[in-house]
Amino acid sequence: MSSTPLLLLIAVSAVLIGVIVFRPGVTATAGGKMLAFFVLFLLPLVCLGIGTTYHIDNSKRTEFCLSCHEMEPFGKSLLVDDPAHLAAAHYQNHRIPAGEACYTCHTTYAMFGGFRAKMQGLKHVYVHYLGTPPAPEAIRLYDPYNNRECLHCHLGARSFEEGAVHNADPDLLPAVKANKVSCVSSGCHEVVHDVASLKNAKFWKGAL
Amino acid sequence: MKLSANRLERRLQVSGILLILGLLVEATCLLWTRPIAFVVFLCVGGLLLVLGVLLYLFSLVSGNQQER
């Protein structure tokens, strides 16, 4: 979403508001009253609404999440040249939208999931500016990763439902679907963001 | 710029100034892609815009009361 149309709307609004500020006498006429209602009530609320939508959309972008230095190693981990690295394999093969990689996997696919993600984001901003951010290697999820987020895309997919490893044990798939066995548990897709060993990693330099 | 002697017009002018400031903050935040921009947009820009709109509405109500 481009910010140019909204910037133009803001500029037009500011100019029209300026007319009221510098020539308040125009509000004495019926036309002036209508102008005042339009520029002092409707236009600012429209700008606020569109601006909020723009910022919420922008906050889903991968570059937005990676703009804080604490997240840089997590961004690098998306480029690790190893298909066993879950996040890197998803990002590089566009199994998730590359432009919204962080949000796609780290939002909660439940009621108010997006709102919850924004509230956690505000907490991150607070810690970044006013708290003591942990080292990247020490950053952990608030809660264990819920399979619901994986199943949002993989449930019903042939590779998931008919995968040889997934069906080797008949109890595995029901347990995964019930979130009793984690997709990222040991022996499964356990390497997600291995930020501690990035120094020795080989990186993919493909098209981004 | 000089504030009007008329109370209603003065309130409209102050409302306009608040709104222009809010819009300036909003425009700045649109060009700034850091997470803090979202916070500044909502807490500073949003507050200024809401205050400007509320003052405008208040000026309408208070203006009507004076006419009675």
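Contact here means heavy atoms within 4.5 Å. By that rule, and leaving aside neighbours within four places in sequence, A:Ser3 is in contact with A:Tyr54 and B:Leu30. The model is predicted. Chain A is divided into domain 1, residues 4–58, and domain 2, residues 62–145 + 184–207.

**Domains of chain A**

- The centres of domain 1 and domain 2 of chain A, taken over C-alpha atoms, are separated by 39 Å.

**Interface of chain A and chain B**

- On the side of chain A, 38 residues are in contact with 31 residues of chain B.
- The size of an interface is often given as the accessible area lost when the parts come together.
- For chain A and chain B the buried area is about 2900 Å², with 80% of it on carbon and sulfur atoms.
- A:Val21, A:Leu40 and A:His55 supply 21% of the area that chain A buries against chain B, which is more than any other three residues.
- Helix 1 (4–22), helix 2 (30–58) and helix 7 (113–130) of chain A each supply at least two residues of the side that touches chain B.
- Helix 2 of chain A gives the most to that side, with 16 residues.
- By class, the side of chain A that touches chain B has 25 nonpolar, 11 polar and 2 charged residues.
- The count of salt bridges between chain A and chain B is 0.
- Across the interface of chain A and chain B there are 3 residue pairs in polar contact, both residues of each pair being at pLDDT 80 or more.

**A:Ser3**

- A:Ser3 is found in the segment before helix 1 of chain A.
- A:Ser3 has a relative accessible area of 15%, and therefore counts as buried, the cut-off being under 20%.
- One of the contacts of A:Ser3 is in chain A, with A:Tyr54, and B:Leu30 of chain B is also in contact with A:Ser3.

**A:Met71**

- A:Met71 lies in the loop between helix 3 (62–65) and helix 4 (72–76) of chain A.
- The relative accessibility of A:Met71 is 26%, so A:Met71 counts as partly exposed.
- Neighbours within four places in sequence aside, A:Met71 is in contact with A:Cys65, A:Leu66 and A:Ile139.
- A:Met71 and A:Pro136 are 65 residues apart in sequence, while their C-alpha atoms are 6.9 Å apart in space.

**Helix 8 of chain A**

- Helix 8 covers residues 147–154 of chain A, and A:Asn147, A:Glu149, A:Cys150 and A:Leu151 are buried in this helix.
- An α-helix has 3.6 residues a turn, so residues three or four places apart point the same way.
- The buried residues of helix 8 pack against helix 6 (101–106), helix 9 (158–161) and helix 11 (172–177) of chain A.
- At the start of helix 8, a side-chain oxygen of A:Asn146 reaches to within 2.8 Å of the backbone nitrogen of A:Arg148.
- A:Gly156 follows helix 8 and has a positive phi, near 90 degrees.

**Salt bridges**

- Over all chains, the structure holds 6 salt bridges.
- Side chains of opposite charge can pair when their charged atoms come close.
- A:Arg61 and A:Glu63 meet through their side chains in a salt bridge, at 3.1 Å from N to O.
- A:Arg61 counts as partly exposed at 34% relative accessibility, and A:Glu63 is partly exposed with a relative accessible area of 48%.
- A:Asp81 and A:Lys202 meet in a salt bridge between their side chains, at 3.8 Å from N to O.
- This pair links distant parts of the chain, with A:Asp81 in the loop between helix 4 and helix 5 (86–92) and A:Lys202 in the segment after helix 11, 121 residues apart.
- A:Asp81 is partly exposed, with a relative accessible area of 37%, whereas A:Lys202 is exposed, with a relative accessible area of 59%.
- A:Asp143 forms a salt bridge with A:Arg116, and the closest N and O atoms are 3.0 Å apart.
- A:Asp143 in the loop between helix 7 and helix 8 and A:Arg116 in helix 7 of chain A are 27 residues apart, and the pair links distant parts of the chain.
- A:Asp143 is partly exposed, with a relative accessible area of 44%, and A:Arg116 counts as partly exposed at 38% relative accessibility.

Technical notes. Residues numbered from 1 in each chain as written. Chains lettered and ligands numbered in written order. Predicted model: local features only at pLDDT ≥ 70, side-chain atom pairs only at ≥ 80, totals over all residues. Heavy atoms only, no water. Domains from an automatic or database assignment. Buried area = accessible area lost by both parts, 1.4 Å probe. Salt bridge = Lys/Arg side-chain N within 4 Å of Asp/Glu carboxyl O. Polar contact = N/O pair within 3.5 Å; in protein donor to acceptor, adjacent residues only side chain to side chain. Helix = DSSP H or I, 4+ residues; strand = E, 2+ residues; numbered from the N terminus. Nonpolar A, V, L, I, M, F, W, Y, C, P; charged D, E, K, R; others polar. Buried < 20%, exposed > 50% of the residue type's maximum accessible area, 1.4 Å probe, protein only.
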